[in-house]
Amino acid sequence: MPAEGTDQAKQHEQPRRQGRAEPPEAAARLLEMHEQLIHARALQIAAQLGIGDLLADGPRTAADLATVTETHPDALYRMMRMLAALGVFTETDPGCFALTDLGVVLRSDHPYSVHATLAFGGATAQVFLDSLHSVRTGEATFPTTFGTSFFDYLTDHPEHGDLFNTAMREMSRPVISAVLDAYDFSYARRIVDVGGGNGTLLSAILRTAPGAQGIVFDAPHVAERARDRIHADGLADRCTAVGGDFFRKAPEDGDLYVLKWILHDWPDDQAAAILRGCRQAMAPDGRVLIIEQVIPPGDTPHPGKTMDFSMLTLLNGRERTEEQFAALLAAADLRLNRVIPTASPCSLVEAAPA
């Protein structure tokens, strides 16, 4: 058998091996998984306090950091000692900490920063502690915990909305690069980025497709911010931003409609409505390109399975399998052409008129 086939076979065997353990080992592994909640919470707190930025110029004592962050010196030291044991910080002298190669991405100015992602996770952590509600009801927990829907909360708390937008940019960096490597956009004449935010993705695509025109389509207040980004990127001559409601209809006559991390926010009926809006607006030979995580079958490990539970808890949305995408597309009079893997956890789901 070729080497590639052998590797694939090993990947399929991995989940079964992971499930095998003697009882003492099994107990230890489950308790270790349980401790990850504590580790994650400490990382979120470190990000919320800006510890990465405070250590950017070199080691500082926990007492000094506690003064700046208005925290308890001994409590902060004990949290940082735990994170140092995990490799996030290093205790250079007793009570004095520095960033490691792992922890350096806590800095908000690092090109691969995860600061905003972790800090936003800290701001909304309670919803996951309450997520038994979602398991019991099949509905989002966020409205129960915070008294409003996820997106309304971001509007009502602009400081968290800004943090969320920064987190999305952080998470998008490796995905955008992987998408550009995996898909040839050069055939496109008119590209519509549905729910395109500030236009970062479409700007990157247009640089690889110099013959294409682009439209960022999002809520009116979002589209206004996208116009600034388009001008800053020097693309105003072939890209614009349009405000509207993607549950109704997308801009007309596109031959490629891109949806990145849009459909997973919504249950099937609303996701299908978004796709129908694209289908009704597209050129006769148009395509839809969905950029999302595709859930693999069985016990295969995949970060999309974690994100799927997060989408349920936060928004009553979901990640989908290839079969679920095919059914969703069919409900919008579209057919699934192919699923293209990328170097990121996301795949490209390409569809055309049925």
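Contact here means heavy atoms within 4.5 Å; helices (H or I, at least four residues) and strands (E, at least two) are DSSP runs, numbered from the N terminus. This is a predicted model, in which local features need pLDDT of at least 70 and side-chain atom pairs count only at pLDDT 80 or more, while totals for chains, interfaces and linings use all residues. Residues are numbered from 1 along each chain as its sequence is written, and side-chain values use heavy atoms, with hydrogens and water left out.

Which residues of helix 4 are buried? In helix 4, residues 62-69, they are A62, L65, A66 and T69. Buried is under 20% relative accessible area, exposed over 50%, partly exposed in between (1.4 Å probe, protein chains only). The four lie on the same side of helix 4, because they cover an arc of only 105° around the axis, taken from the directions from the helix axis to the C-beta atoms. After helix 4 comes E70, with a positive phi near 55°.

Strand 2 (residues 89-93) pairs with strand 3 over four bridges. F89 has L99 as its bridge partner, and D93 has C96. Two residues separate the strands of this hairpin, and G95 in the turn has a positive phi of about 80°.

Notes: Two strands pair if DSSP finds at least two bridges between them.
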